[in-house]
Amino acid sequence: MDKIQFHNDLKRLIEILPPKIVEALKPYNLDDAIELVLDLGRVGEVRHSDGKTRYLGDDLVTESDIEYITSRIQPFTNDNRSGIPGTLHRISAIRNRQGKVVGLTCRIGRVVTGTIACIKDFVLQNKSILFLGRPGVGKTTKLREISRLVADELGKRVVVVDTSNEIAGDGDTPHPAIGRARRMQVTQPIYQKDIMIEAVENHTPEVIVVDEIGTEAEAQAARTIAERGVMLIATAHGNTLDNLIKNPILSDLVGGVSSVTLGDDEAKRRGSQKTVLEREKQPTFDIVIEIIDRNTLAVYKNTAEAVDYILRGWPIRPEIRKVDQVYNKTSVTEPASTISAKEKNDEETISSQKLKFSFSRQEYVKQVKNFKKIYIYAVSRTVLDKVLERLNLQAEITRNIEEADIVIVHKAFAKGGTKILSIANDYKLPIYYVRSNSMSQVQKVVKEALHITDTETLQGYYDDAERALDEAKAAIQKIMEGADNVELQPQNQQIRKLQHELVEQHNLSSESIGEGNERHLRIVGGNDFKHAG
């Protein structure tokens with residue numbers, strides 16, 4: 001694992017400070033300092049990462065102190081930010097009602113390497129990733145390091161959309177921290193959405209990096225980028241996935257939320273109200289990572305599934321990653337309290353990350369054999385994702401035609417895809433054409449391409465899970481009424497895990513019994529109390 005290292009240019013920041021401030025800083029260790037605050041008529045402050053604030057002597061900050069600093073830096077932009085060329089330091093101004101600068105926040109910028117080693121396996125999956133977390137927790141730091149990793153180690157074309165020079169520092173030459181990634185500067189935050197689209201249209205990136213998506217227009221620009229097959233790495237306003245879902249402006253990043261009215265029978269079957277919230281479309285980002293603190297990350301490996309679980313009120317536990325630990329693609333992340341060691345050994349193979357739903361062992365072998373990778377040209381990824389989800393097909397969209405099993409092309413744009421069609425022919429890939437990006441047309445062609453008939457369409461995982469949880473709820477009620485134990489119908493590992501967690505929420509216990517396809521839960525109570533197995 002990469003060792004975490006810190007690099008800063010404190011000397012460059014100290015050079016712009018008044019002599020009396022420099023003298024006052026000498027007794028302090030600035031290794032963990034995050035910002036220097038200088039407000040007119042007050043004592044200067046040094047704020048540290050541990051939350052502590054230390055004061056710089058007894059001298060008050062004067063107008064001449066502030067003018068000394070502002071005369072040695074670039075003019076402030078409309079968002080009242082400036083910087084020191086060649087560094088990651090940021091100087092932000094506070095103005096009075098007449099526009100005069102009366103306060104400065106000098107943010108100490110550092111290059112921190114090694115913080116993404118614990119999530120490197122997700123970065124290498126070529127999927128779009130969204131980071132969430134409170135201010136100052138290290139979101140921008142991770143964007144910076146991912147930019148360098150993808151550009152230098154993977155050799156991809158990376159464009160950093162850098163609003164207020166947050167990621168790559170001030171000046172015309174981007175900071176070496178982003179490696180060979182290119183940087184497009186954004187003069188004002190209101191233009192970020194325009195530069196995001198311009199980056200795609202003008203500079204043929206494979207990866208775009210954006211810090212702080214915060215408006216509906218920027219969320220729409222992000223979806224446009226993702227639908228064009230570009231990997232997107234970004235941060236957004238919001239601390240958790242749950243918060244983001246409830247944000248009407250940004251919820252589109254994770255699929256959006258719409259209100260749906262259920263029929264009486266469906267509402268009764270679900271045990272819910274008639275009006276429920278459901279995910280509206282495929283998420284823009286495949287993976288969501290919450291940065292809990294500088295050393296702890298919570299990873300939702302399947303955004304669509306996570307959002308559905310949260311909206312339906314099902315228990316969901318993200319995978320917790322620690323910065324100082326090593327992980328790989330086969331890490332087992334399920335809680336030991338709800339799954340036995342034998343169950344993990346029996347079914348770990350079945351829960352392959354590539355397969356969206358779980359099946360019995362025989363079905364698993366069949367699905368792996370029939371698993372397809374689809375390359376699309378001018379076909380709406382959002383529509384195709386929805387079709388694959390609706391039909392529960394074991395297929396995924398790939399950005400590399402060399403990995404594809406089939407190619408689907410929009411007929412009206414086929415002339416512009418001559419190169420793609422040529423490569424497909426060289427690889428002897430079957431090519432299918434859609435006449436429009438309507439749901440019905442894309443679904444028809446997908447069924448043809450994958451040789452799927454209506455009678456062969458797999459029953460939805462979520463319907464199975466709902467029925468299984470309803471059965472568990474009924475069994476829990478029987479236990480509450482005095483039954484010693486109740487056995488449920490056989491289910492796959494993932495659904496059994498949901499049942500285990502539902503039982504735990506009612507302060508009861510359950511165990512997995514049986515072998516292979518017959519493995520199922522037994523809920524126990526009274527004298528039969530046991531630990532979950």
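The model is a predicted one, so local features need pLDDT of at least 70 and side-chain atom pairs count only at pLDDT 80 or more, while totals for chains, interfaces and linings use all residues. Residues are numbered from 1 along each chain as its sequence is written, and side-chain values use heavy atoms, with hydrogens and water left out.

Side chains of opposite charge can pair when their charged atoms come close. A salt bridge here is a side-chain nitrogen of Lys or Arg within 4 Å of a carboxyl oxygen of Asp or Glu. By that rule, the count comes to 28 salt bridges.

One of them joins Glu 63 to Lys 100, with the closest N and O atoms 3.0 Å apart. This pair links distant parts of the chain, 37 residues apart: Glu 63 sits in helix H3 (residues 63–70), and Lys 100 in the loop between strand S6 (90–95) and strand S7 (101–107). Helices (H or I, at least four residues) and strands (E, at least two) are DSSP runs, numbered from the N terminus. Glu 63 is partly exposed at 41% relative accessibility, and Lys 100 is partly exposed at 38%. Partly exposed lies between buried (under 20% relative accessible area) and exposed (over 50%), using a 1.4 Å probe and protein chains only.

Other pairs are tucked away. Glu 319 and Arg 321 meet at 2.7 Å, N to O; Glu 319 is buried at 7%, and Arg 321 is buried at 1%. In helix H13 (residues 381–391), Arg 381 and Asp 385 are four residues apart, so about one helical turn separates them. Their closest N and O atoms are 3.3 Å apart in a salt bridge. Arg 381 is buried at 15%, and Asp 385 is buried at 15%.

Finally, a network of salt bridges links Glu 35, Glu 45, Arg 47 and Arg 107.
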